[in-house]
Amino acid sequence: MMQKAKILLVDDRPENLLALEAILSALDQTLVRAASGEEALKALLTDDFAVILLDVQMPGMDGFETAAHIKRRERTRDIPIIFLTAINHGPHHTFRGYAAGAVDYISKPFDPWVLRAKVSVFVDLYVKNCQLKEQAALLRLQLEEGGEQPLGGALLGELSARLAAVEEQAEALGKQLDGVEDAGVAATAAHLERKLVGLRRALDAMRPGSS
């Protein structure tokens, strides 16, 4: 059974963290709190996260600096970051957020439904990527154990069926994303699609009679 995705909530104000938890609890995922940029970076050392909700205005290490550290680490550079801010300094401030690596920039007070919907998209993409990694790991294991010998028909059928299930879910997710003007979401979805295509080609090449 697929484990729940982890969502990192970063804000120095406990009431804001409580509000985020109330909004996102309906997604039934694991919500992890961090009261500072330093706490967020510490959490990211050991856990994998589907998405990070990061407050911009924090004492000490602010959201921009925290994001810069996240993007410099190989382990965490691809985790989507949604910036949350209580103030709006205009286009320059927003541009700084995107330049720091954010996939979205939301001003408070925000629409709970919109925030939940945006986070849900990244959770879905994360789950699909995890499923894809499992299929790829299984294929690699079979290749290592089988060497040059072709895989048995039963095993190929099982792998193909499991991959087809992921492909079907990814296709459904793609339809949900039609019309979504979000460069971060589009790039993540395209990356997932490329992985699926590559894995399907590798699996097809293992079938008896393939050249």
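Reply: A salt bridge is a side-chain nitrogen of Lys or Arg within 4 Å of a carboxyl oxygen of Asp or Glu. The model is predicted: local features need pLDDT of at least 70, side-chain atom pairs count only at pLDDT 80 or more, and totals for chains, interfaces and linings use all residues. Residues are numbered from 1 along each chain as its sequence is written, and side-chain values use heavy atoms, with hydrogens and water left out.

Me: How many salt bridges does a search of the whole structure find?
Reply: Side chains of opposite charge can pair when their charged atoms come close. One of the pairs in this model is Lys6 with Asp47, at 3.1 Å from N to O. For the whole structure, the number of salt bridges found is six.

Me: How many residues apart in sequence are the parts that Lys6 and Asp47 tie together?
Reply: Helices (H or I, at least four residues) and strands (E, at least two) are DSSP runs, numbered from the N terminus. Lys6 lies in strand S1 (residues 6-10), whereas Asp47 lies in the loop between helix H2 (37-43) and strand S3 (51-55). The pair therefore ties together parts whose separation in sequence is 41 residues.

Me: Is Lys6 buried, partly exposed or exposed?
Reply: Buried means under 20% relative accessible area, exposed means over 50%, and partly exposed lies in between (1.4 Å probe, protein chains only). The relative accessible area of Asp47 is 24%, so Asp47 is partly exposed. Lys6 has a value of 26% and therefore counts as partly exposed.

Me: How far apart are the closest N and O atoms of Asp48 and Arg75?
Reply: Asp48 forms a salt bridge with Arg75. The pair links distant parts of the chain, 27 residues apart: Asp48 is in the loop between H2 and S3, and Arg75 is in the loop between helix H3 (63-72) and strand S4 (81-85). Asp48 is partly exposed at 44%, and Arg75 is partly exposed at 45%. The closest N and O atoms of Asp48 and Arg75 are separated by 3.2 Å.

Me: Which residue in S2 is the bridge partner of Lys6?
Reply: Two strands pair if DSSP finds at least two bridges between them. S1 and strand S2 (residues 30-34) pair over five bridges, in the parallel sense. Within S2, the bridge partner of Lys6 is Thr30.

Me: Which pattern does the protein chain follow along the sequence?
Reply: The protein chain has seven helices and five strands. Read along the sequence, these elements follow the pattern β-α-β-α-β-α-β-α-β-α-α-α.

Me: Within what arc do the buried residues of H3 fall, seen down its axis?
Reply: The buried residues in H3 are Gly63, Phe64, Thr66, Ala67 and Ile70. The arc is that of the directions from the helix axis to the C-beta atoms. The buried residues of H3 line one face of the helix, because they fall within an arc of 160°.

Me: Which residue's side chain does a polar contact join to that of Asp104?
Reply: A polar contact is a pair of N or O atoms within 3.5 Å; within protein, one must be able to donate a hydrogen and the other to accept it, and residues adjacent in sequence count only if both atoms are side-chain atoms. Asp104 lies in strand S5 (residues 104-107) and is buried, with a relative accessible area of 8%. At 2.7 Å, the polar contact joins the side chain of Asp104 to that of Lys118.

Me: Near what value is phi of Asp28?
Reply: Most residues other than glycine have a negative phi. Asp28, found in the loop between H1 and S2, has a positive phi near 55°.
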